[in-house]
Each structure stands twice: as structure tokens, then as C-alpha cells.
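Below is a short report on one protein model.

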Amino acid sequence: MASESAVEFATTSRIHVALAVKDLEQSRRFYRSLFGHGPTKERPRYAKFEVAEPPVNLALNESSVPSAPANAVAHFGVQVKSTAAVKEIAARLEANGYPLVPEDHVTCCYAVQNKVWAVDPDGNKWEIYVLLDDDGGSHASTASRSLSMAGCCTPTSLTAAVVAECCEV
């Protein structure tokens, strides 16, 4: 019996996320835009994205249960190493018609970040961000209202008027 992985990836570990999706084709299109390439494995009602950068194994399982709860997760995130990388991913998403909410030098969750938010076809929120300062207590937010550090920042709506509804005041 084999004890080593049957697949290769560059890091010693990677995140695996499995999502139940309502429409596999719409979700496949979103994640192709987010990651910059298509699935590595496709089967009926299933697609898997094995991404080297950022290291993640994302499985999409088309749900056959119409009453299955949606959005049990607060949000997902892709941490990158530069604002340029945030902008590159944002440009791909925007070019494919996905609305974005940008936040520059926002203080959130005790850190200063540049980020954009996107929502996949099933309503899962995705935060693409670079951590600019790990000690956010000394920085002010650029959001439309003052944010405390009470919780993890997640916008509830992707509209320009509501930049972030997170970290209760």
C-alpha cells in the first residue's frame, strides 16, 4: 500500500476546500478567472482545481439537493505577496464580469491590508489581499465608517456604497 501522495505539488502542504455548488459551469468559470487556469480534473458534476500559486486543492461538487444551505462559510481568502498581485487577480476577475469591492490600506482584523472582494456564483465571498502591516492597531481604515477590530472583516454586500460591513463598531 502506498504511503506517499499520488500527486505532486511544490509545498509540503496546501489548503483543500470542497464546495457544494449549485451550477458547476458558472462556478468553473469563476474559479478559472480567479486562478488563471482551468480545472485539472473534471467528472460529471465535479471539477478540481490544483493550483500551485496560491497552493490550494479546490473541489467543486455540484449539489443535487435544492434545499442545501448556501454560504455556511464566512469567507475564503487568497493571501498574496504584493499589491501588484492583488491587482492582477482583480483584473482577471473584472475582465470576466465579476464585480469587485476594493479596499486600500484598510485596517481589519488587527492588520493593514490592500484587498479586493469578489463573490462566486453561489455567494461565497473571496478576499484577495496583501498584508502590509501585521500590527493594525496604529492605522486607520479607509472604509466608509470607523471599524473596530472585533472580528474578521467580510463585506456583506458587493456595492460601492458598502465597502465593508465587518468588525462591528
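## Salt bridges

Lys48 and Glu50 meet through their side chains in a salt bridge, at 3.6 Å from N to O. The model is a predicted one. Lys48 has a relative accessibility of 13%. The cut-off for buried is under 20%, so Lys48 counts as buried. Arg14 belongs to the picture as well: salt bridges with shared partners join Arg14, Lys48 and Glu50 into one network. Across the whole structure, the search finds 7 salt bridges. Side chains of opposite charge can pair when their charged atoms come close.

A second pair is Lys115 with Glu127, where the closest N and O atoms are 2.7 Å apart. Lys115 sits in strand 7 and Glu127 in strand 8. The two are 12 residues apart, and the pair links distant parts of the chain.

Arg28 is buried, with a relative accessible area of 12%. Glu42, by contrast, is partly exposed at 41%.

Which strand order does the open sheet have? Its 4 strands run in the order 5-8-7-6, and the pairing is mixed. Strand 5 (76–80) and strand 6 (101–108) stand at the edges. Each has a single partner strand, so one side of each is left without a neighbour in the sheet. From one strand to the next, the twist averages 25 degrees.

Strand 5 pairs with strand 8 (residues 125–133) in the parallel sense, over 5 bridges. Within this pairing, Val78 has Ile128 of strand 8 as its bridge partner.

## Helices on the sheet

Two helices meet these strands. Helix 2 (residues 83–95) packs on the sheet and touches strand 5, strand 7 and strand 8. Its direction makes about 160 degrees with that of strand 8.

Helix 1 (residues 24–35) lies across strand 7 (111–119) and strand 8. Helix 1 runs at about 15 degrees to strand 8.

## The nonpolar core

In soluble globular proteins, nonpolar side chains tend to be buried together. Here the largest nonpolar core has 27 residues. Tyr31, Leu34 and Ile128 have the most contacts inside it. Several elements give two or more residues to this core: strand 1 (15–21), helix 1, strand 3, strand 4, strand 5, helix 2, strand 7 and strand 8. Helix 1 supplies the largest share, 5 residues.

What does Tyr31 touch, leaving aside its neighbours within four places in sequence? Its contacts are Leu19, Gly36, His37, Phe49, Leu58, Leu60, Asp120 and Trp126.

## Backbone details

Glu53 and Pro54 are joined by a cis peptide bond, with omega at about 0 degrees. Pro54 is in the loop between strand 3 (46–51) and strand 4 (56–62).

Two residues have positive phi without being glycine. Arg45 has a phi of about 60 degrees. Its place is the loop between strand 2 (41–43) and strand 3. Arg45 is partly exposed, with a relative accessible area of 43%. For His105, phi is about 50 degrees. His105 is partly exposed, at 46% relative accessible area.

## Before strand 1

Thr12 is found in the segment before strand 1. Thr12 counts as exposed, with 84% relative accessibility. Where does Thr12 stand relative to Pro55? In sequence, the two are 43 residues apart. In space, they are 9.8 Å apart, C-alpha to C-alpha.

Note on methods. Residues are numbered from 1 along each chain as its sequence is written. This is a predicted model: local features need pLDDT of at least 70, side-chain atom pairs count only at pLDDT 80 or more; totals for chains, interfaces and linings use all residues. Side-chain values use heavy atoms; hydrogens and water are left out. Two strands pair if DSSP finds at least two bridges between them. Axes are lines fitted to C-alpha atoms, for helices over the stretch in contact, and angles run from 0 to 180 degrees between N-to-C directions. Contact means heavy atoms within 4.5 Å. Buried means under 20% relative accessible area, exposed over 50%, partly exposed in between (1.4 Å probe, protein chains only). A nonpolar core is a set of buried Ala, Val, Leu, Ile, Met, Phe, Trp, Tyr and Cys residues joined through side-chain atoms within 4.5 Å. A salt bridge is a side-chain nitrogen of Lys or Arg within 4 Å of a carboxyl oxygen of Asp or Glu.
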